[in-house]
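Dear colleague,

I am handing over a structure that will be new to you, and my notes on it follow below. Please read them with the model open beside you.

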Amino acid sequence: MNKQSTLAPHESMELHEALNFKTLCVAKSKLMQGLVFDQELKDLMQKDVEQSIQAIAQIQAIYAKAPFQTEVPQNRPTPILN
């Protein structure tokens with residue numbers, strides 16, 4: 001039994017929110033490491049970065065395994081910034 005399930009719209013949105021949150025965690029921890037002088041706090045922030053990267057990889061694996069219910073449009077809008 002190798003059945004792939006599809007994501008419901010609310011599940012897709014929750015995955016998107018989780019991915020955004022973990023990406024923000026990585027960016028914030030990496031940025032703040034340069035401002036911190038306490039080694040123990042730097043180590044804690046580095047651990048947060050590593051765990052967030054693992055979480056991002058897990059979320060990406062879910063995206064790869066579960067196709068969305070709507071097709072991705074081929075005609076992308078014109079980007080605002082070049």
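Helices (H or I, at least four residues) and strands (E, at least two) are taken as DSSP runs and are numbered from the N terminus. This is a predicted model, in which local features need pLDDT of at least 70 and side-chain atom pairs count only at pLDDT 80 or more, while totals for chains, interfaces and linings use all residues. Residues are numbered from 1 along each chain as its sequence is written, and side-chain values use heavy atoms, with hydrogens and water left out.

The protein has 2 helices and 0 strands. Of its 82 residues, 22% count as buried, where buried means under 20% relative accessible area, exposed over 50%, and partly exposed in between (1.4 Å probe, protein chains only). Among its contacts (heavy atoms within 4.5 Å) with a separation of 6 or more, 69% are between residues 24 or more positions apart.

Leu 7 lies in the segment before helix 1 and, at 10% relative accessibility, counts as buried. Between the C-alpha atoms of Leu 7 and Ile 62 there are 9.6 Å in space, although the two residues are 55 positions apart in sequence.

Leu 35, by contrast, sits in the loop between helix 1 (9–33) and helix 2 (39–65), and Leu 35 is exposed because its relative accessible area is 59%.

With kind regards
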